[in-house]
Amino acid sequence: MQLVKSNRDTLLRPLQIVSGIVERRHTMPILANILIRKDGANVSFLSTDTEVQITTHADIGSGADVTGTTVAARKLLDILRALPESGDVTMTLLNKRLTVQSGKSRFALQTLAAEEFPTVSVADTHNASVTLPQKTLKHLFNMVHFAMAQQDIRYYLNGLLLVLDGNNVIAVATDGHRLAFAQVATEQQFERQEVIIPRKTIIELQRLLEESDDPVQLDIAASQVKLTFADIELVSKLVEGKFPDYTRVIPKGYKNDFTISREALLRSLQRAAIMTSDKFKGVRCMISPGSMKISSTNADQEEAVEELEIDYGGDSLDIGFNVTYLLDVLNNLKCDQVNISLGDSNSSALMSIPENGDFKYVVMPMRI
């Protein structure tokens, strides 16, 4: 039975969309497969790791039959990528084998029954819904994603806190050493709602969301979130747990602050980082009226010193930071200038964008 007849690129796109979350090694071998369902001309492609599920559609079906199967995602993707770009591809299902044919190339793949494929059940009711342009949601995630924890024992940090509050959509991420906060205003009004979206889901959404004004609808249920955009539906479980109160972490009322060129600070920190050791990434910042001196040393008694002129008339401070945390935020921002606010040598630093209250980055000091 012929499932699909299409050109190679039209078939490759839906496979690339769904195959990002497929894990090569899994306790359930069928999860290395994708579920292909055909209903007449409409063909749906679905993948899941039981936590996240992605579905997309394409009108590339051949014949009026209704059928389905599952096949190894990576193998099918590798085959299609290796085929000539402009070639036509047919996929035929016969005797539990999927045959992929293009020109004089032919591949026969093992399949597993569609009925055995575990799909995530989608919630019927939602507590809240929000619609944003894709580029707005992508920008929101991009502003904070680097501060998410990785494999932290405090599992609620291995994700991103999404908050609906008033007419704002807020994203917050922290690993306990630094915290990133970003918000966008919408024309919608929300009752306050907080959910933690897993790290893997955020990374996948950054890959799938486009820099376009096309809408993405986000539906929040009790234990899952569903995002619908273009011809893609992504359903993800939420992380249970209590996220730290970010409003208490973000400092207020610091009197020592200055604005500096993002590029100049980034380049100085990159040079100073060369002299740090792999285990100890500390740099020392000595701030005094008109000057910011950055220094780093290592176990071999080697040293780097950078000096920057700043428009500053506050207290003299000597404070240490993990240079990686500073580089992460400076690399991620696209603005020309950054504002840095400091309390004392033992207080966290607040970085923000001048004349813009929608982004804040807090980084804890370290002893040097």
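How many residues lie between β12 and β13 in the hairpin that they form?

Reply: The hairpin of β12 and β13 has three residues between its strands. Residues are numbered from 1 along each chain as its sequence is written. The model is predicted, with local features requiring pLDDT of at least 70, side-chain atom pairs counting only at pLDDT 80 or more, and totals for chains, interfaces and linings using all residues, while side-chain values use heavy atoms, without hydrogens and water.

Strands here are DSSP runs (E, at least two residues), numbered from the N terminus. Strand β12 covers residues 215-220, and β13 covers residues 224-229. These two strands pair in the antiparallel sense over five bridges; strands are said to pair if DSSP finds at least two bridges between them. Within this pairing, Ile220 stands opposite Val225 of β13.

On its other partner, β14 (residues 232-237), β13 also pairs in the antiparallel sense, over six bridges. Here Phe229 faces Ile232 of β14 across the pairing. β13 and β14 likewise form a hairpin, with two residues between the strands. In that hairpin, Ala230 takes a positive phi near 50°.

Buried means under 20% relative accessible area, with a 1.4 Å probe and protein chains only. In a regular strand, side chains alternate between the two faces of the sheet.

Key:
Buried means under 20% relative accessible area, exposed over 50%, partly exposed in between (1.4 Å probe, protein chains only). Helices (H or I, at least four residues) and strands (E, at least two) are DSSP runs, numbered from the N terminus.
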